[in-house]
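Please open the structure in a viewer and keep the selection panel at hand.

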Amino acid sequence: SVAGNAFTSQASFHSSGPMTRTRTGSLSMNSDGMRGPRASFMAAPADMGQEEPPSRQQMIRYLAIQYWSRWGLVTAPLSIAVWVVLILLLALAAHTQTSFLMRGALISYVTNITADMSRGVPPDRVYSQALSAGEPDVRCRCACALEQTQALCASDADNRTQGFVTRFPLQTLSLVRNRAHFQGTPDARGRPKRFEDLSTRSDVWFWIQHGLVPDVWKEEPSDTPLGYRDLLNLPDDPNSTAYHGRGVVLRWSQLVGGIRMRQRRLKEDLCTIDKRITDRYSRICHGTEFMVEPFGPGKQSYTEGFMPETRATGAFDVHFDFAYGVTVATEKMQYDLEQHHWLDSSSESLWLQAAFLNAQADPPMLGVLEVRFDFERSGGLRKEVRVQTIPAVPYSSTGEYILMLLWIVLIFLLLVRQLYKVARYFSRSRSMDKPVMCDIWNIGDWATVVFSFGLAINYNLLSNEMSYTAQQAAKLPEAPSLDVATADVVQLYHESWDRVLDQILDINAWGVANRTLLFAYTLLLTFQFLQVFRGQPKLAELARVLLNSGGDLIHFVCIFLVLFLNFAFGGYMIYGIYLHEWSTGTQAINTSLQIMFGLVDLQRMHAVAPNSTILWFCAFVACMTFIMMNLLLAIACDNFSTVKAHGGTKCGVTSQLSYTWKDMRRRGLLKAFCCCFPCRRCRRDSSLPSHGLMLQELLFRCGFNQKERGEFQGSVIRTQYIKNAAEKAAFAAEGDDADELLQARQQNADADLREMGVDEDYIQGLCADTKKYMEDEYDFDEQREAQLREIVSVSYDLMTDMRERLTNCQMYAGSEMSGLARRLEALEVIVHRSLEELVKLADGANISTKGQPAPSMKAKAMMDSTVGSLRSLDVGERSRGMMTGNLASIMKGLKGNGGDEDEYRKKKKTTDLASTQTSQMTVLSSQSPKARHRPGSDDDAPPVGASVSHWHQTHRQVGVSGKRVVRSARDEWASK
């Protein structure tokens, strides 16, 4: 047996898979189905030169590759097509580049506007005085002498600017008066202000009145001379900037309707500090609730800007129409708003909003230009320019139509595929699929289908809304004339273009939500790609690493967030007061992320807090960069090693395609392609069943239950996982049928295929490809592990045999020792009876055995000690003495246990023990029994143990057989 095991162990180094131990202790075939050395050694000599067919386990692994290859040919193109069409559709329909360029240009335009006193100065109520008198224009005589007033009139060749009599419109008259006033006022320009220079409410108001409004209304500066076209009210020169009209920004962006200036006001509230302080310093505080009551002139009558809006809580709107001149806008700002303190300490924010249309863009774009000013309670000013754009035409090209229709068709194909899966599941009696509604991959497919249809419907509704808004912008009515228009008519006009502005804002908010949905949709498509990766072994390994790392990543994120947030808010407490990038919690987190990736302004941080910066930066880099990032890398490496150990494979994309192409050629190229579609016509040929059907039948014959067959649907590497699990179960002898199932999986697969009616040529091709696949999948580390497992199996068998032998030996020795103990007990009983008989004989012969009739207490104690010592002797020593007849060791033990015997011998003054014993026997024989047992005898009489020991020493002889014998008392008495 040992020699056979040694041969098996040595020969197993040439096997191609791990060997397993059976219940009987012999080595069987490995779990890959490749025969171990013992099986090949026991084979018939005629079969030694023939190549053995693959096992069921090997055939299952190869058929799984073919099954998942066919599955990938159906699933991957559809998923890739949906993804590619979506990317192309987004690239064409999102118009991101056009929106980005327009946004950058408009923001640059607004931030570069400079405000000074040369523009935006209204006349002294010219319009209100003239309109109240009912005179739309005035008749006056004007003259411009080039020699005297060169700064007022243009020095052109037309003499009409030198002297004329005509009727001026009010706008021209106010323009002339304004410029004359500017020329006669020293230092009228004042200090100019740019957008980045604004810091207070007065700065904001100055920039709007003397910068933004004149620039958008195309007002000429007051320091420029007037031309005859301005004086005579002639049409503008097409080459001049004024030709493009009011409300045109950057030549092509036309602002629609006008500018809406909206402020939100806060209600006054009690201050949270001591009332005595507020009374002393007359401080007025405001709460967080918006004001919804009229203020200023709005308390007496309807006044625009001082009445709250019903469509926006806490909003007070003022409209500036492009249909009217800049003088109307500046007059309204200065005399209607500024004089009545429209913008004061209760103002929480001020937003300037204007809708625009750029018809020259590709495609035409609708958008909203917003200039926001937020007056913070800390006294600061937060300003921002926002530009939001949407296409004015939903489908600007034929390509968008085609891609949208193609995307809808692909979504419909996804739905058909899911319905086919459900129908196939309920139609099969012994399906290897998991329940359709419970599988995570099928749930992801249904989510993709539902989300796709939702996105299609949402995009259609958004497109209709954009078309409707563009039509509403085109249908805006003409602005009413200020000569005859009433307040109600002007208000209706404001509401018309105000409605278009709100619609564009709503569509932009809708578009932002739609972009968020598209981001979620791309994640679902990523899930689709993970599903496709299940059909390729290498990609399945990497996807499995990502999925297995989820649990570790959750715990890693917990530790990472605790450390990172502590460092971020620690920096917020140290630098938040001094540095803008640390001034808020969000900015502190953003700055900490940048530092973790190397973007750090350490000099500014060190200038604020030198010691704290050194400590914070060193601890942050050590913990977050060195430790946590390497820990993340270790998690990835560990999970990759685990997946590689459980389901390692070498089959790449090219190898899989090669095996698939070979199999398709054996089946017939046309039939193979037909198998990839729902028609499955090639299944009518029973000699070429599908790979799924053959795989299902082999799994059933290998003893896999319904649940285990469903696990093969996880991925292509699940066969390797299940193979390793079965191998470990058989190696550890887990379960009563582990070895039987393993042996069933190691049977030849060609016989099963023949029983299924598969074509013989196709069977030979499958067997050859399976062998080639197993050779390509050979793994040295796995082979070494198999050898170690085989050595352990052999060692375990030998140890089991040795354990059984030791158990039998122990049982035999126990039974023998039990018999020997019984014999020794019987011998001890015989000895005691012999001693009793000896005493009786001595009593019958009137020989003293106790020395005195009434022993003393000391003698009794000595007797008890002797008996106890005899019982306390070692069993082995006592047994050897009884069996050999040599009682010297026993007597020696008794002597060692009784110290009174030696003391007695020292006191004994007899020199001849034999003569003394003879004289004692003579004296005792002459006495009566009563005298012999008379009480009160000598207390120094020797104990019984001493007398018996002495008797044995003097009467021990050697018999004929060489054994020591002891003469009985009767024989001794007869000889004497």
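Begin by selecting helix 14, residues 537-575, which bends by about 45° at Gly-550. The bend at a residue is the angle between axes fitted to the seven residues ending there and the seven starting there. Helices (H or I, at least four residues) and strands (E, at least two) are DSSP runs, numbered from the N terminus.

The model is predicted: local features need pLDDT of at least 70, side-chain atom pairs count only at pLDDT 80 or more, and totals for chains, interfaces and linings use all residues. Residues are numbered from 1 along each chain as its sequence is written, and side-chain values use heavy atoms, with hydrogens and water left out.

Next, select Gln-536, which caps the N-terminal end of helix 14. A side-chain oxygen of Gln-536 lies 2.8 Å from the backbone nitrogen of Lys-538.

Proceed to Thr-613, in helix 17 (residues 610-647). Is Thr-613 buried or exposed? Thr-613 counts as buried because its relative accessibility is 2%; buried means under 20% relative accessible area, exposed over 50%, and partly exposed in between (1.4 Å probe, protein chains only). Leaving aside neighbours within four places in sequence, Thr-613 is in contact (heavy atoms within 4.5 Å) with Tyr-575, Leu-602, Met-605 and His-606.

Now display strand 8, where 11 of the 11 residues are buried. Both faces are covered: one side carries Met-365, Gly-367, Leu-369, Val-371, Phe-373 and Phe-375, and the other carries Leu-366, Val-368, Glu-370, Arg-372 and Asp-374.

Ala-355 stands opposite Val-368 of strand 8, and a hairpin of 6 residues joins strand 7 to strand 8.

In the hairpin between strand 8 and strand 9, 5 residues separate the strands, and Gly-379 in the turn has a positive phi of about 100°.

Finally, select Trp-207, Trp-342, Leu-350 and Phe-373, which touch the most other members of the largest nonpolar core, a set of 48 residues. A nonpolar core is a set of buried Ala, Val, Leu, Ile, Met, Phe, Trp, Tyr and Cys residues joined through side-chain atoms within 4.5 Å. Helix 7 gives the largest share of this core, 8 residues. Apart from it lies another core, of 35 residues, including Trp-71 and Cys-702.

Technical notes: A polar contact is a pair of N or O atoms within 3.5 Å; within protein, one must be able to donate a hydrogen and the other to accept it, and residues adjacent in sequence count only if both atoms are side-chain atoms. Two strands pair if DSSP finds at least two bridges between them.
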